[in-house]
Amino acid sequence: MDSPEDIFYLKQFVKQHPDNQMGWYLLGKQYKLAGKEGKANYCFLQAGEVYDAFEHESHPLSENQLQLLKDWDLQQKKKRRARKLGALALLFLLVALFAPASTSVFKERPEQPEPIAVVEVNPIGVVFIPRKERNPVGSAWNSLIAAGKQAPLHTIAARLEEDEGWRKWTGNTRLLMSIEKENGSSKLDVTMYDRLTCECEPSEASSAAAQYKEWSVQQETHWTLASGIYQYEKKYKKWPEKLDDLIQSYPNNVLSGERSGMRSMFPAVLRKLKAAQAQKNRSIQEQEQAAGNQQQEESEKRTSPIVGTNGILDKQWSQPLEVVVDKASYRLAVIQGDIIVRSYKVGLGGDATPEGSFYISEKVRNPNGRDDGNFGSRGMTLSNTLYAIHGTDEPGSIGKDESLGCIRMGKADVEELFDMVPLGTVVKIKNGTLPSKVQQPAERFQLEPLQNETNPLKIYKWLT
């Protein structure tokens, strides 16, 4: 942050969260860079312990000045509270005047705390810190500040295992810290779990690990659901109205079933995708007006629809799920941005397996009419070609070039892939892009089928 816009944003933030010491500290740093020492000192005094921690010393201003500042703040808070109580009293008076005489306006109940504004907040969120980030604590704080009122009540900062430029979803994940706040409050409690991050004796992380595991399961559901909604809109040029619109019989089986939590998750994910699409359209129009149609492609790249967040504070996660096949390492991966969500060993056809970009134009269950035929129990056609991703009755061919161009997978692998990626998913076949190590989670991703996804009227002639 180094612009007047950053100062304006931070001023608005501390105005809304006057007790957030990190916000005051960051605003003070901006004022100091701008040469406004007086305003910077005011912010540093408000930052309190955060200033001491990051600057490794107490602020030089005297304790008397600090006490004066606190007294002034207390007076301002009392005035604001008095105004709120006055407005509340007026509201009660209006209710009493206009309520029917036979109706009791108030019911006797235990004393309640002062009501606060209701904000849609995720209860648990995760921010992933890249390995190259030298200040993971500061990075986590910045993510929370950027999230503003939408920040989760409980945030876990973690670091995914990285390999050859990829982040690995099912690899060795390190939990660094957790940050908790009360709903409607700017006070934060921080617990450190990683010795290298805090240079301290870390806290026991079993509880956070259990929370992270539960969250990661929900996130996989979220990815598949959001990708399904995205692909449905792309295919039909309209938004689905309900989850069942995605889960139809062949050949309209965008999703292959549902999973626990998916139905309750649907309205919020749909709302986010609609908002992201509207923002994208506005951005494209602005680009066209400013510089003509020549910049439209670049605008689309920068404003691609956001596929939900589910409490994720990672700005890079802005694409639907995709499939990448690496001919050099005989690997097929489900990716989301630069994250490998799943990785499988596959069988290929050498030069007969085409390179390029395709999409899944058809998903069929038991393409041979049974689950043990030469195409296995699942098949996914690539862009209406004779190539497909499918199972096999020759498991020994996995990891070799023995097909006529199709991509062969083991039974458990192809069934998980079939459930995880929706109809319309992009498939990119390359030569040399994925790490060779395959890592699977303890539990497979699985959807409960609701409709008939078989196609007994067609004899498949993929180049197996």
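1. Residues are numbered from 1 along each chain as its sequence is written, and side-chain values use heavy atoms, with hydrogens and water left out. Because the model is predicted, local features need pLDDT of at least 70 and side-chain atom pairs count only at pLDDT 80 or more, while totals for chains, interfaces and linings use all residues.

2. D245 lies in the loop between α8 (206-236) and α9 (262-291), where helices are DSSP runs of H or I with at least four residues and strands are runs of E with at least two, numbered from the N terminus. D245 is buried, with a relative accessible area of 14%; buried means under 20%, exposed over 50% and partly exposed in between, with a 1.4 Å probe and protein chains only.

3. Leaving aside residues up to four places away in sequence, D245 touches Y232 and P240, contact being heavy atoms within 4.5 Å. The side chain of D245 also reaches the backbone nitrogen of E241 at 2.8 Å.

4. Strand β8 (residues 331-336) is mostly covered, with 6 of its 6 residues buried. R331, A333 and I335 lie on one side and L332, V334 and Q336 on the other.

5. Strand β7 (residues 322-326) pairs with β8 in the antiparallel sense over 5 bridges, pairing requiring that DSSP finds at least two bridges between two strands. E322 stands opposite I335 in β8, and in the hairpin of β7 and β8, with 4 residues between the strands, Y330 takes a positive phi near 55 degrees.

6. Strand β9 (residues 339-345) runs antiparallel to β8 and is joined to β8 by 6 bridges, with R342 in β9 as the bridge partner of V334.

Key. Polar contact = N/O pair within 3.5 Å; in protein donor to acceptor, adjacent residues only side chain to side chain.
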